[in-house]
Amino acid sequence: VFHCAESEVVPRVKRFIEGSKQVRPRVQGSADGGRELPRLAEDVEVESISVTDFGRYLKSPYLFYLERVAKLECLDDRARELDPMGFGILAHDVLNRFGRDDQMRDERDEARLGKFLTETLESLCSKRYGRHPLPAVQLQLEQLAQRLRSFAAAPAKRREEGWVIRETEWSPSEGHVAFVVDGTPIRLTGQIDRIDHHPEKQEWAIWDYKTGESVDPPLNAHRKMNGEWIDLQLPLYCNLAVELLGDAVPAEVGYIALPRDEKEIGFRGINRWARGKNDPETFEEGMESALEAAYEVVRGIRRGDFFDDDAFAPRDQIFAAIGGLGTITGSEDE
């Protein structure tokens, strides 16, 4: 702002304080919907779809197309700290080691659990980031350590209640299950963070780790108030786990949340998919509704319904430019 002649400094500051009343100019063709969304020269048949891809398609069919059909990925080396995905992967790795440790997975002492989790975190960080990581990374690691210490009470209590960690980072033995839509199967893939079993009650529970700054309740993350599905991850986990669960319906499905607010850390289960208090829909009926929504996603993918997408608003500037948004431009033939 101040890289200018001295005579311009005060007028610039005054303009900034007063704010602009001018209408921002529109770049020709950037927001009038007249540009056709770019596509591959030939159609590509989608033969498999992951559990998380359904939510991606429901959010933006064209972003799904770019990432999952065209298989585009944006890379850069500008990071000076862990991005949300890197932070989440690190937390998942710590919790996975906890779930696979024969002694600690049965531990009921909160202090011992907290010590194991933080020591596991330190060991992983030393190997990945060295003894002297960047200051921002050091701060993030301490934040994660604090979340893990706060979380330790939840699995200790759960083990006391009789629940046993049966699987962590579980996938079907063949890597997928057949998801049949209109008589034609498509491969359904995915990895479930944690599956618990209660031997006395013969009940199952399916959990997904969430490590964002804030974590929405699983119901809010999956359905709008009008009942429209915006994500299908947890319902489809039940389909994915049929090899392990058989015909059993999980007694609990939900998130294991590790957000910034320590009061929100813990298990967040869901026992009904209805949004309204007076909605009579049962859990099983909600699962059937989710299944039908999943069928519609697969039908849309098979029809190639990607290119009429008003919801396309990616964070990445390159993806935005491909879709005709933002300020990065190219020639017409690019």
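Reader: What makes K71 exposed?

Author: In this predicted model, K71 has a relative accessible area of 64%. The cut-off for exposed is over 50%. K71 is therefore exposed.

Reader: Where is K71 found?

Author: K71 sits in the loop between α3 and α4. It comes just after α3.

Reader: Which element holds E169, and what is its phi?

Author: E169 lies in strand β2 (residues 164–170). Its phi is near 45 degrees, again a positive value in a residue other than glycine.

Reader: Why is E169 called partly exposed?

Author: The relative accessible area of E169 is 23%. Buried needs under 20%, and exposed needs over 50%. The value for E169 falls in between, so E169 is partly exposed.

Reader: How do you know whether K201 is buried or exposed?

Author: K201 has a relative accessible area of 54%. That is over the 50% cut-off, so K201 is exposed. K201 is placed in the loop between β5 (192–198) and β6 (203–210).

Reader: Why is α3 described as largely enclosed?

Author: Helix α3 (residues 61–69) has 9 residues, and 7 of them are buried, so the rest of the structure largely encloses the helix. The buried ones are P61, Y62, L63, F64, Y65, L66 and V69. Each has a relative accessible area under 20%.

Reader: What covers the buried residues of α3?

Author: The cover includes β1 (48–50), α2 (51–59), α11 and α12 (317–322).

Reader: Which residues of α2 are buried, and what do they pack against?

Author: V51, D53, F54, G55 and Y57 are buried in α2. The buried residues of α2 pack against β1, α3, β3 (177–181), β4 (184–189), α9 (233–240) and α11.

Reader: Why are α4 and α5 called oblique?

Author: Helix α4 (residues 84–100) and helix α5 (residues 110–129) pack at about 130 degrees, with axes 9 Å apart. Roughly perpendicular ends at 115 degrees, and roughly antiparallel needs over 145. The angle lies between these limits, so α4 and α5 are oblique to each other. The crossing of α4 over α5 is right-handed.

Reader: Which residues make the contact of α4 with α5?

Author: From α4 come I89, L90, D93, V94, L95, R97 and F98. They meet L113, F116, L117, T120, L121, L124, C125, R128 and Y129 of α5. By type, this contact has 12 nonpolar, 1 polar and 3 charged residues.

Reader: What makes up the contact of α4 with α6?

Author: F87, L90, A91, V94 and L95 of α4 meet Q140, L141, L144, R147, L148 and F151 of α6. The residues divide into 9 nonpolar, 1 polar and 1 charged.

Reader: Which residues touch the most other members of the largest nonpolar core?

Author: They are F54, F179, I192, L232, W273 and I301, in a core of 49 residues. Helix α11 (residues 283–303) supplies the largest share, 8 residues. Another core, of 31 residues, lies apart from it and includes L82, V94, A145 and A154.

Reader: What does L232 contact, leaving aside its neighbours within four places in sequence?

Author: L232 is in contact with V51, F54, L58, H222, A290, A293 and A294.

Reader: How many helices and strands does the protein chain have, and what share of its residues is buried?

Author: The protein chain has 12 helices and 8 strands. Buried residues make up 41% of its 334 residues. Among contacts between residues at least 6 apart in sequence, 72% join residues at least 24 apart.

How values were computed:
Residues numbered from 1 in each chain as written. Predicted model: local features only at pLDDT ≥ 70, side-chain atom pairs only at ≥ 80, totals over all residues. Heavy atoms only, no water. Core = buried A, V, L, I, M, F, W, Y, C linked by side-chain atoms within 4.5 Å. Buried < 20%, exposed > 50% of the residue type's maximum accessible area, 1.4 Å probe, protein only. Helix = DSSP H or I, 4+ residues; strand = E, 2+ residues; numbered from the N terminus. Contact = heavy atoms within 4.5 Å. Axes fitted to C-alpha atoms, helices over the stretch in contact; angles between N-to-C directions. Parallel < 35°, antiparallel > 145°, perpendicular 65-115°, else oblique. Left-handed = near helix turned anticlockwise from the far one by under 90°. Nonpolar A, V, L, I, M, F, W, Y, C, P; charged D, E, K, R; others polar.
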